[in-house]
Structure formats: C-alpha cells, structure tokens
Amino acid sequence: MAFMEVIAFGTQEMLTRPCVDCGTITGSFCDYCRAADRMPTEIWAQNQATPLCTTCDRKYDKCRFCRADHAQTQETQQPMVQDTTTAH
Ligand SMILES: [Zn+2]
Ligand SMILES: [Zn+2]
C-alpha cells in the first residue's frame with residue numbers, strides 16, 4: 001500500500017471514500033484530478049485525489065468529472081488518443 005502513502009496524508013476514513021462513479025468504498029483514486037476541486041463541499045485530505053475504484057479506473061481510466069472535461073474540451077478531436085507524440 002505504498003501507493004496510498006504517496007497520495008495524501010490523512011486518516012484511513014478520510015482516504016477511503018466512495019468511488020465517484022459507482023459508489024464503492026475505495027482507497028484508489030483518479031490520476032487526473034483533486035477531490036477538493038471536484039467536490040469542494042466535502043472534507044478532503046490535502047491534495048487528495050478524487051476517489052475512483054479500481055474497477056472504474058480500469059474501465060474508464062479516469063473519473064466521471066475528468067471524462068466530462070475530456071468530452072467538453074476535446075469533442076472535436078479524436079477520442080482516447082494518448083499524447084505520446086515525440087518531436088522529431
Ligand atoms: Zn467505481
Ligand atoms: Zn478525475
């Protein structure tokens with residue numbers, strides 16, 4: 001569980017939260033956003049990422065907030081293209 005130690009400093013209760021996608025209690029998080037940015041009305045550990053269970057992470061790669069952002073900002077671009085472009 002070294003992963004969680006890197007993510008945030010807080011109590012176990014604070015770090016184990018319902019997945020924003022399916023509601024499953026999880027200690028896993030979205031890689032792309034902070035919980036306080038997405039749900040400012042709730043109490044979060046400092047720099048805590050948005051809770052996203054491993055099932056949804058595997059399924060969607062990012063939380064529903066990030067998916068919504070992605071849909072809005074990149075609707076005219078090709079979906080699901082990883083930015084692995086290298087300069088030549
Ligand atoms: Zn989930
Ligand atoms: Zn996210």
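**Exercise 1. Find the contacts of Thr24, leaving aside neighbours within four places in sequence.**

Solution. Start with the criterion: two residues are in contact if their C-beta atoms, placed from the backbone, lie within 7 Å. With neighbours within four places in sequence set aside, Thr24 is in contact with Pro18, Cys19 and Cys53. Next, locate the residue: Thr24 sits in the loop between β1 (17-18) and β2 (25-26). Helices (H or I, at least four residues) and strands (E, at least two) are DSSP runs, numbered from the N terminus. Then look across the chain: Thr24 and Leu52 are 28 residues apart along the chain, and their C-alpha atoms are separated by 8.5 Å. Finally, Thr24 is partly exposed, because 15 other C-beta atoms lie within 10 Å. The scale behind that label is this: a residue is buried with 20 or more other C-beta atoms within 10 Å of its own, exposed with 12 or fewer, and partly exposed in between, with C-beta atoms placed from the backbone.

A word on the model before you go on. It is a predicted one, in which local features need pLDDT of at least 70 and side-chain atom pairs count only at pLDDT 80 or more, while totals for chains, interfaces and linings use all residues. Residues are numbered from 1 along each chain as its sequence is written, and chains are lettered from A and ligands numbered from 1 in the order in which they are written.

**Exercise 2. List the residues of the largest nonpolar core, and examine Phe29 and Ala49.**

Solution. A nonpolar core is a set of buried Ala, Val, Leu, Ile, Met, Phe, Trp, Tyr and Cys residues joined through C-beta atoms within 7 Å. The largest one has 11 residues: Cys19, Val20, Phe29, Cys30, Ala35, Trp44, Ala49, Leu52, Cys53, Cys56 and Cys63.

- Phe29 belongs to strand β3 (residues 29-34). Phe29 counts as buried because it has 25 C-beta neighbours inside 10 Å.
- Ala49 belongs to strand β4 (residues 49-51). Ala49 counts as buried because it has 22 C-beta neighbours inside 10 Å.
- Leu15 gives a reference point for each: its C-alpha atom is 9.4 Å from that of Phe29 and 9.2 Å from that of Ala49.
- Val20, leaving out residues up to four places away in sequence, touches Thr50, Pro51, Leu52, Cys63, Arg64 and Phe65.

**Exercise 3. Where do Asn47 and Asp61 lie, and what is the phi of each?**

Solution. Recall the background first: most residues other than glycine have a negative phi. Asn47, not a glycine, has a positive phi of about 65 degrees. Asn47 lies in the loop between α3 (35-38) and β4, and is exposed because 12 other C-beta atoms lie within 10 Å. Asp61, also not a glycine, has a positive phi of about 75 degrees. Asp61 lies in the loop between α4 (54-60) and α5 (64-73), and is partly exposed because 16 other C-beta atoms lie within 10 Å.
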